[in-house]
Amino acid sequence: MSLFQGLRLLLKDLGGCKEMQIDGKTRLYAVLGNPVAHSLSPAMHNAAFEFLGLNSIYTACCISAEKLEQAVAGFKALGFSGGNVTVPHKTAIIPYLDGITDEARLMGAVNTLYWQDDHLWGTNTDGPGFVKALVETYPEALEGKNAVLLGAGGAARAVAVALVQAGIKEILIINRSRDKAQALIGLLADLGAQAWETGWDDPVAGEAIADSRLIVNTTSLGMEPRKEEAPPIDYSRLLHQVVVDLIYKPRETLFLYRARQQGCKTMNGLRMLLEQGVLAFERWTGEKAPVQVMSRELERWA
Ligand code: NAP
């Protein structure tokens, strides 16, 4: 952080940093999803815009599935400078965009919208954000070259592809819907990884969990308000692994609590949320994102 930026942060804390004015030149950004009222992205990105003195605002638009095509047309026509896409539109939005990156194509989902040569493009920063968060917190997590993934939904796909791109060679997927796990295995095999799947109570699952250096929960089990839920794995097989939950509300899920009790190193989804936002922000603005400011904002609201 430069001296100037440090001073700005201090002034902001003291209430002395001038609030940004919205005028005819203000650049617009938004997250498109449904629901979006709970989204932390507006707080995170507006804090970054304000801190860097960028004349930009970020808002949230609640869009129904039926209105998604119109919403993208409106986004383009109104000249939005960029944005994000969240549940349930991450895959459905793809046909309405002018192009998507290879990353988004592999992950089958878009979470970031940006302009390139007057065309609206989609990319996916969820997977790379996850790996960045993991490597910066527990670099040893990737050393075993293997991982167990609980879940096979959209987030699992992004995380699995990014893990393979980061060097993971073997992945076991445990998911309620076995067909979704099978589909993900096919994709990972195409990327050169050895992937297989099992049900929750298969003894093979316990063996793989015991052998793996990294266990990631990508299911929504344990997310608020259903905090009493947890993936039905054999927790006695957890011992000293790196255990990650993509959920950040609550900060410590029952899954992470049990893993911590077993002596595991744990991480929740807040850092991933931060890093995917950092990557999106830098793509839109070409500026280095003020990571500390964005992190502090997430910590405040999460
Ligand atoms: P999704 O596509 O709907 O996938 C949900 C996953 O949870 C599926 O694997 C689903 O299994 C499983 N699941 C749900 N209820 C279950 C139950 N009762 N028993 C067993 N499995 C169950 O959702 P997603 O977009 O992947 O999101 C998953 C989680 O990741 C959410 O908690 C979300 O908040 C979190 N997330 C966090 C970040 C971040 O930045 N930290 C980013 C993205 C997502 P089936 O396939 O059998 O339905």
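1. Ground rules. In this predicted model, local features need pLDDT of at least 70, side-chain atom pairs count only at pLDDT 80 or more, and totals for chains, interfaces and linings use all residues. Residues are numbered from 1 along each chain as its sequence is written, and side-chain values use heavy atoms, with hydrogens and water left out.

2. The ligand shell. 20 residues surround the ligand. The closest are Ala-155, Asn-175, Arg-176, Ser-177 and Lys-180. A residue counts as near if one of its heavy atoms lies within 4 Å of the molecule. By class, the shell has nine nonpolar, nine polar and two charged residues. Here Ala, Val, Leu, Ile, Met, Phe, Trp, Tyr, Cys and Pro are nonpolar; Asp, Glu, Lys and Arg are charged; the others, Gly among them, are polar.

3. Ser-177 places a polar side-chain atom 2.5 Å from a ligand oxygen. Gly-153 uses its backbone: an N or O atom lies 3.5 Å from an oxygen atom of the ligand. Leu-246 also uses its backbone, with a polar atom 2.9 Å from a ligand nitrogen.

4. Cover. How much of the ligand's accessible area does the protein cover? The protein covers 77% of the 920 Å² that the ligand has on its own. Areas come from the Shrake-Rupley method with a 1.4 Å probe; for residues, only the protein chains shown count as cover. The elements giving two or more residues to the shell are α6 (154-165) and α10 (270-285). Helices (H or I, at least four residues) and strands (E, at least two) are DSSP runs, numbered from the N terminus.

5. Packing around α6. Helix α5 (residues 126-137) packs on α6 at about 60°, with the axes 8 Å apart. The two are therefore oblique to each other. Axes are lines fitted to C-alpha atoms, for helices over the stretch in contact, and angles run from 0 to 180 degrees between N-to-C directions. Helix α7 (residues 178-190) meets α6 at about 25°, with axes 10 Å apart. That pair is therefore roughly parallel. Angles under 35 degrees count as roughly parallel, over 145 as roughly antiparallel, 65 to 115 as roughly perpendicular and the rest as oblique.

6. Packing of α10. The axes of helix α2 (residues 41-52) and α10 come within 11 Å and cross at roughly 50°. These helices are therefore oblique to each other.

7. Backbone spots to check. Most residues other than glycine have a negative phi, and most peptide bonds are trans. Glu-224 and Pro-225 are joined by a cis peptide bond, omega about 5°. Pro-225 sits in the loop between β10 (214-217) and β11 (242-245). Another cis bond joins Lys-249 and Pro-250, with omega about 5°. Pro-250 lies in the loop between β11 and α9 (254-261). Asp-117 has a positive phi, near 50°. Its place is the loop between β5 (112-116) and β6 (119-123).

Conventions:
A polar contact is a pair of N or O atoms within 3.5 Å; within protein, one must be able to donate a hydrogen and the other to accept it, and residues adjacent in sequence count only if both atoms are side-chain atoms.
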